[in-house]
Structure formats: C-alpha cells, structure tokens
Amino acid sequence: MRLTCTVNGTEQLVDDVWEGESLLYVLRERMGLPGSKNACEQGECGSCTVYLDGLPVCACLVAAGQAEGREVGTVEGLAAGGELHPVQQAFLDAGAVQCGFCTPGLLVATDDLVGRALAEGRRPADAEIREALAGNLCRCTGYEKVLDAVRLAADRMAEEAR
Amino acid sequence: MSTPTRSPSGAPSHLTGPGGGRVGDDAARPDGVLKVRGEFAYGSDLWMDDMLWGVTLRSPHPYARIRSVDVGPALAVPGVHAVLTSDDVPGSKTYGLELADQPVLAVDVVRYQGEPVALVAADHPETARRAAARIAVDYEVWEPVTDAREALGHPHWNRVHETEAPVTELSRESAHLHPEGNLVRHVKVRKGDPDATADVVVVGEYEVGMQDQAFLGPESGLAVPAEDGGVELYVATQWLHVDQRQICAALGMPPERVRLTLAGVGGAFGGREDLSMHVHACLLALHTGRPVKMSYNREESFFGHVHRHPATMRYEHGATRDGDLVYVRAQIYLDGGAYASSTPAVVGNAGTMGIGPYVVPNVHVDCYGAYTNNPPCGAMRGFGSVQTAFAYEAQMDALAAELGMDPVELRCRNAMEQGSPTPTGQVVDSPAPVAELLRRLQAMPLPPSPATGADADLRDMPGGVSNTTHGEGVRRGVGYAVAYKNVAFSEGFDDHSTARVRLEVVGGEPTVTVHTAAAEVGQGLVTVEQQIARTELGVDRVVVAPKDTAVGSAGSTSASRQTYVTGGAVKAACEAVRARVLERAAALTGWPVGDLRLFDGAVVAEGLQLPLAEVLGDDAVEETLEWRHRPTEALDPETGQGFAHVQYAFAAHRAVVDVDTELGLLKVVEMACTQDVGKAINPQAVVGQIQGGTAQGLGLAVMEEVLVRDGRVRNPSFTDYLIPTVLDMPPMRIEVLEYADPHAPYGLRGVGEAPNISSGPAVLAAIRQATGLPLTRVPVRPEHITRT
C-alpha cells in the first residue's frame, strides 16, 4: 500500500508498504529515520515513543496505515537545525545518557511532559515525572539522572519562557 | 546484484564530541550529541541498499534428537535467498568462550529450548520469518535434565553432552573442565581446619532465580561479503577479538579475512560476551553474496543470549560468642544450562569470593557448575558474586540475630581490610575500607516515614495508586549488605589490552587519535579514553577511532576491567608518544628532556613554550602498545589457594523498604550506597554506574526472574519479565570514596559490578527486618511475604 503522512514537518510518501508493518518499521526501514528504537516491539519499553498528532504513542503499536494523513514527530525532529533542544541538552548535562537506546523515547516523553506542565504555568513535580515516564524502560541509569535531566530541562525551559 | 560497499549506513565514525575534560573531570561523552539526536547508529540501525534480512529457526524443545530437517518448503517462498543448516557450516561446527561445546547450528541433538537449528535470508524480515516457519524439523523429544543437583548426582552419566568438547585457546584460565560428565567445573577452597567448631552456628539454604541482562538494544549486526572472499561484520558486542576467533573457526577462515567493527551497543551487562547472530549473519552473507542484517526481537533476545546462573546454596557459619567468625562452610550449585559459556569462570568467582569480604580462619567451600537442559547461563554483571552475596549476607544477619548483635557491628568486626588474608591465601594488598563503607552508610540520615491514614499519599505506599493501603499493615525495614568482587580476569589469564595513540597537527590544531578495540557498551569508556589522552598529552582535541579488529585485542568489556586495563594501555601508549615528542623537542631546543612537559598543545618548561606544530611539523608520532596488569595465578585444584585476583572492588548498600505485610506488596523507599573507586576518572559516570547497578540488583531482589519450567522459558517478553521502572526505583544517596590502589593506573578501581552485588541483599535484609521472615529465595514474591 501507499502511505502519506507528515513526519517532523515534512511530507512523506512511501510505496509498497506491507499492511502488517508498524509505524516504527516504516520510520526506521522505509523513511531513513532510525532514531526511534525497537527494544520490545510490544509497547512495554517506550523506546519508540513518537508524537502522533501531538500525542506521545509507541510507534511499534501503531499500524503504518493508521498514520495515513497524520502528523508524526520523532526524536530527529526535536532539535531545530544544529542546535540541541533544551531537553536533549539537559539529558547530556545531567549524565542521563549511557547506552542511549532508551534516550530517544525518553526525550519525546519528557518533551511532552515538560511542555504540558509549562503550558499550565508550572514545573512537573517528582511524582508526576515518575508517573509520566513509567512507560519508558532504562536499564543503564537507574533513572536518577533521568529525573535530574527532566528537572533541569523544566527549569531551563521555564527560564527561557519568561 | 550491486557491488557491496564497505560503508553501510550507520557504520561508526570517528568520535570527537564537545572536547575538554581530563582525568577526574565530569567530561562529556563524545557520542552524546549523536545519541540525543537519534543519529547514533546501533547494530539494529545498520542498513545497506541491497541487504537481506536473516532470521533464525530455533528449537521448541529443551532436549530432542533431530531426525530430519526439510528446508524445501522454506526455499520455495518467493523472496527467500538462502536456507542454511549445520551442513552449511564450513569450519568448526561448535564454538564457545571457554569450551567449544555449543553448535553454531544444531547437529543431530538440541539441548535447550531456543537452540538455533536453521537460518533463512530473505528480502523482508517477515518473509524470512514466514519461510523459517515452513522448515520441517522432525524431533524425537527427550525428557530434559532440569535440576543442577540432579544432573550432578550422575557425574559420569552424561545425558546432556555425549562427546568430549575441545578446550579452546580461549579458555580464560586453567580450569579443570570435565567434558565427560555434567560437571562443568568444581572449585574447592580449603583453608584452615575443616572440622573447626564454634560456640554459635547458623545454617541456611538459599536460592537465587535466573536473571536476564535485559539490555534494551537487541542482538543485531550486519555482515557484508568482501571482495577478497572474506567478510566484514558490524556487530554490537563486548569483545571483538574473542568473537573474531570463534567466527574464524566456524567459517574456516584466517583472521585477516574476518574483519569486525563495533556497531552501536544498546547495553550489554554480560549478555553479549557469547556469540549470538555473529556467525549466522556471516554464513548467510557469504552464501548469498549480499549484505545480511540480523536483529532479534525481544522474545528471540531472551533465547539468544545467556542468563545469570540460578543458584542453590547451603551455608554454615560458626562464630565465637563475641562475634568473631570461626568458620564458613558452603556448597554452591550453579545451573549452567546446556552449554558451558563462561560457567568455569563464574564458578571460580563464586567459589573464591563466596564468603564475602570477611576474615575467616577456616573456610571450606565447594562450588559446582552443572550442565542441564535449561537455558545456557554465563556472564552477567557481578558474575558469580551476585548469587553468593544473597547467601553470605543473609547468614551474617542471621548470625547477628543469634548473637544479639547489631548486624553492622558484626560485619565491621569481621571486615576485611588492607593486609587481611583471603580464603584463597592472598593478602589484600590495597585499601579495603569495608568497615568504613558500612559506618558511612549508618551515619546517613534515614528517610522520614510517609503520612498514613487520611493524609497518606498513595504514591508513597506499597501498592501505589492501586489504593491497597493507607499505611495499615505496613512495616519498615532497614538492611545492609557489602559487595566484594574481583576486577579484571583472574586465575592466570593473560589479561591485556592494546592501544594505538597518534599525535599530529591537523588543520593547525594538535590532535590525538586513540584507537582501541575496547567495546563501548554505554558505560563511557570512549570518554575515559579521551580524558586519559588529554591528561597525558596536554592536547584538548582527542578523536576516538571506530572500535575494530584493525588494532590488537583490548580484552572484554566485562569484569569491571576496561577503565583499568584499556585505560592502562591508553595511558602507556600516550606516555610512549610523549617520550618521543619530548625527545624531539629536546633535540630542537637543546633543553634536557627531563625539564620538558606537554601542556595545552605545547612543549613547555620554565621559560619555554614551543607549540606542538613547531615540534611535529607534518609528522605524526604514533605508538601501539600492549599493556598488562600484574599477572595472576591459577588456583590450586585441591585447595583453591593462589594469587588468583589482581584487584577487588568493594561497595555497600543500605536499603529502606516499606512492606505491606498483609498483601506482600512493598516499596523500596531509599537506597544508599558507598563505594571505594580508588580514583574516579569521570565522577559523573561513576555515579551513573552505581545508580544503574543498584537498580539491577534491586530488580533481582524483588521482581526479575526468567521463569523456567521443564526446560521451557515461560516469560520471554518485557510484559512478563519485569525490570524496574522509574516508579520502582527510589531516590539514592551515594558517597564515592577514593583510596588509591597503588598497583593500578591512577590508583583506580573497577566500578561497574560492585553496586550490582550489594543492592539486592540489602533490600532482602530490609524486607526480612520488616517481616521477621527468613526469605531465603530471590526474587521475593508477595506470596513469600504473605506465606499463602
């Protein structure tokens, strides 16, 4: 089948998509966007978290055809040009990246969380961060530095927004 | 067919990163920006235009004879390019880290569920999977051997392995292997009086379940046929050269025709020490003449790598009424599963370090590794010390209770220190601040109790927002445990690393290139390599070359050894480069070499600053060095005595756990850890290792187990095999101590494993204190607490 959708603001058209392929497979293998990761392919680990019409989803659980005509945002689309997004910079500065396989999904989930909280004029509390990121598995960090990174990103983005 | 190029999309590039940071600084990772942009290429991201996808057909049975294999139906599927079986393996049909006993593809018999039987290459992964399902394998199903002690009850009744396996050159030590039976290795440690008696005796039996490494990046790689008839393999692994030797044997090719490059690795934790898809992808690529990519899904990953050995242990501790340990006797049984993997070395560790970091005059330990038809077990972070720590620390708490002593006091009273004798007759010849680690934990403030009743925040309660308690039936426990682990390879293994370091001026800027084959698996070795080069050569711009077999072996990224051994090699190669540069500068300037040093891109001395550009011109100064730590010795086969370990790592944990004693639910409230790291080369990365190791230990204590029944894995998915989430992990307090080891580069001590060893036993101790139950099996489940 043919699939058309918008990915990171760019129109994408791919042909010969097998109906059983997931959005994750199409992004990774047909659109040259391997940033979203394939750690469990059953929606448990969050490594493939992307935006679908602005909501974070596990791309492995979205059939490719479900993305027809919709807007997809991936880790590759977070940064504008050569600059890092504040969430990306915070993960680096806090030491929240080790092997990095969970990082793309965590970045999208964090961007969503911090964006929602700041839109309400507040920073996410620790319990809220834990709740929001509970669907993103990380095997390297024990999550302490991930929490540091989210707090740091929220602080910096709140500062920028002032 | 297009001509294969040797640069697949995702082939690793030279890493530079933001620059800056010497030994002791929180230097930034050179691969960090790539990782947060989604541009860092892991093994599963590799891609070539004309590549095929390879898949593996695996045995559904834990033990069976293969009567026949019919690949015809699979070959008939459109899009399929090859279907291979053991008949297509041109070289050695078996491989292994220490003992070449594992078939590349099953030969006549399968010995565990998930054993690879056949391979398929096709133009779409789903086509390959569907074709593999059409391969007709006729099995004669046999009853599996599933209990390690039962398997050892018949040491000469060899059901699991019928033929003698050759001991390869890869053997990590002079292990006493017993290929004629189900016994892989038996380590005996004998010290003092075997019949010693004591005033107070505690006996316990303990069991540890099978843990999975659960690295997030699946086993994956890309094999590309080369024009010389050889193959290029890009693969996520832990030790390129040990892979290369095994692949060469299986392919019947010399090393110069089997070239490996490290693909991006999404975590390892021991699970990538053994081969997975390496030979399979090479076979398919050589057979089809096309690049072949293989990438396991999560279910296949559970069958595609070894796990942590399940253990059954019996311990007897004897002490005086004052609390001085008199003797420890222990029998430790490790289930190695169907193939040896690194079982001999795991048995060595569990046997020699199985009584913990305590001084005991009389020791009698027997540690056995057995073949069964369970999944093969091998390396996982903590490597033999994790299992025994659950037992020896439970024993110390039981002994303290029997003596009416504080558990920390009992540990400190018997703690190993510098100069202490070990059970294997070594003398601890560097700092061993075991008591200080415990005292510092004890001095840390305890977390407050949560509000209960109407004021309770459910998120602070065991059971969380499931709303199972507002504090009723909840009791808090506090537990302590200490880790004790050898660093680097032991028992006489020639443990070395190779580093190539080049200094030149590129575009007017002094530039160092560091080339090693040491696998970066996420721990940050690439950062450490840069920090050491900057420190030794006074140059800011340090480039890390791709990790490949074009340079000599770096040894394994395991045993907490790379910062020590490859760090040592990089340091030594930098020193050799520095000596040559300073000699050149001395000849140019007439200054004595001894007065010169490298600083900030120049040769400097009192009143001299000569830019490196003037010293080097267009020349590069390059040195390649092999570096070794102090040699170790094999263990005496009858007494287990010998200088077997080059360095020890020590960490201690305090766990605070709230337990809902009515429902068996629990919440780990806080983990505190103290660890002596000798010298923190990168403090941020050191703390990251402690936090991550703590999480894996907590996971084994309360949730992680590969459930195996009748030789079959019942939970091969992240839905059913649970690892800690951010909701399961508590805040951590961490203190890093730096008591230099005079024998190690910069005084450093391997970091990665120790925190993985003590965290789980501390959690268990806390749950025991809260419940008053003995809890002798991990992971602890709610029904163990409710006794229902």
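**A walk through the model**

Analyst: Leu57(B) lies in strand β1 (residues 52-58) of chain B, and please keep in mind throughout that this is a predicted model.

User: Is Leu57(B) buried or exposed, and why?

Analyst: Leu57(B) counts as buried because 25 other C-beta atoms lie within 10 Å, where 20 or more are needed for that label.

User: Which residues is Leu57(B) in contact with, leaving aside its neighbours within four places in sequence?

Analyst: With those neighbours left out, Leu57(B) is in contact with Val117(B), Ala118(B), Ala132(B) and Ile135(B). Another pair to look at is Leu57(B) and Leu105(B), which are 48 residues apart in sequence and 9.6 Å apart in space, taken from C-alpha to C-alpha.

User: What does the UniProt annotation say about residues 37-143 of chain B?

Analyst: The UniProt record, an unreviewed entry, annotates residues 37-143 of chain B as "domain: Aldehyde oxidase/xanthine dehydrogenase a/b hammerhead". Over that stretch the chain is 12% helix and 36% strand, and the C-alpha atoms at its ends are 51 Å apart.

User: Now the core. How many residues does the largest nonpolar core have, and which have the most contacts inside it?

Analyst: The largest nonpolar core has 312 residues, and those with the most contacts inside it are Ala118(B), Val120(B), Cys282(B), Phe650(B), Val657(B) and Val763(B). The largest share of this core, 11 residues, comes from helix α13 (residues 562-589) of chain B. As general background, nonpolar side chains tend to be buried together in soluble globular proteins.

User: Pick Val657(B) then; what is it in contact with, beyond its neighbours within four places in sequence?

Analyst: Beyond those neighbours, Val657(B) is in contact with Gly477(B), Leu666(B), Val668(B), Val669(B), Val763(B), Ala766(B), Ile767(B) and Ala770(B). Of these, Val763(B) is also among the residues with the most contacts inside the core.

User: And Cys282(B), where is that? 

Analyst: Cys282(B) is one of the buried residues of α6(B), a helix of chain B that spans residues 278-288 and is mostly covered, with 10 of its 11 residues buried. Just after α6(B), Gly289(B) takes a positive phi of about 70°.

User: What about the sheets; in what order do the six strands of the open sheet in chain B run?

Analyst: The six strands run in the order β9-β18-β17-β16-β10-β33 (chain B), and the pairing is mixed. The edge strands are β9 (183-191) and β33 of chain B, each of which pairs on one side only. Further in, strand β10 (residues 200-208) and strand β16 (residues 311-319) of chain B pair in the antiparallel sense over nine bridges, and Val208(B) stands opposite Ala311(B) in β16(B).

User: Where is the cis peptide bond that joins a residue to Pro779(B)?

Analyst: The cis peptide bond joins Val778(B) and Pro779(B), with omega about -5°. Pro779(B) is found in the loop between β33 (777-778) and α17 (782-786) of chain B.

User: Let's switch to chain A. How is it divided?

Analyst: Chain A is divided into domain 1 (3-77) and domain 2 (86-161). The contact takes 13 residues from domain 1 of chain A and 11 residues from domain 2 of chain A, and the C-alpha centres of the two domains lie 22 Å apart.

User: Last one: how many residues does the contact take from chain A and from chain B?

Analyst: The contact takes 43 residues from chain A and 46 residues from chain B. On the side of chain A that touches chain B, the elements that give two or more residues are α2 (86-94), α3 (103-119), α4 (126-133) and α5 (144-161) of chain A. The residues of that side divide into 23 nonpolar, 13 polar and seven charged.

Conventions:
Residues numbered from 1 in each chain as written. Chains lettered and ligands numbered in written order. Predicted model: local features only at pLDDT ≥ 70, side-chain atom pairs only at ≥ 80, totals over all residues. Core = buried A, V, L, I, M, F, W, Y, C linked by C-beta atoms within 7 Å. Buried ≥ 20, exposed ≤ 12 C-beta atoms within 10 Å, placed from the backbone. Helix = DSSP H or I, 4+ residues; strand = E, 2+ residues; numbered from the N terminus. Contact = placed C-beta atoms within 7 Å. Nonpolar A, V, L, I, M, F, W, Y, C, P; charged D, E, K, R; others polar. Domains from an automatic or database assignment. UniProt positions renumbered as here; feature names shortened; annotations may be inferred. Pairing = 2+ DSSP bridges.
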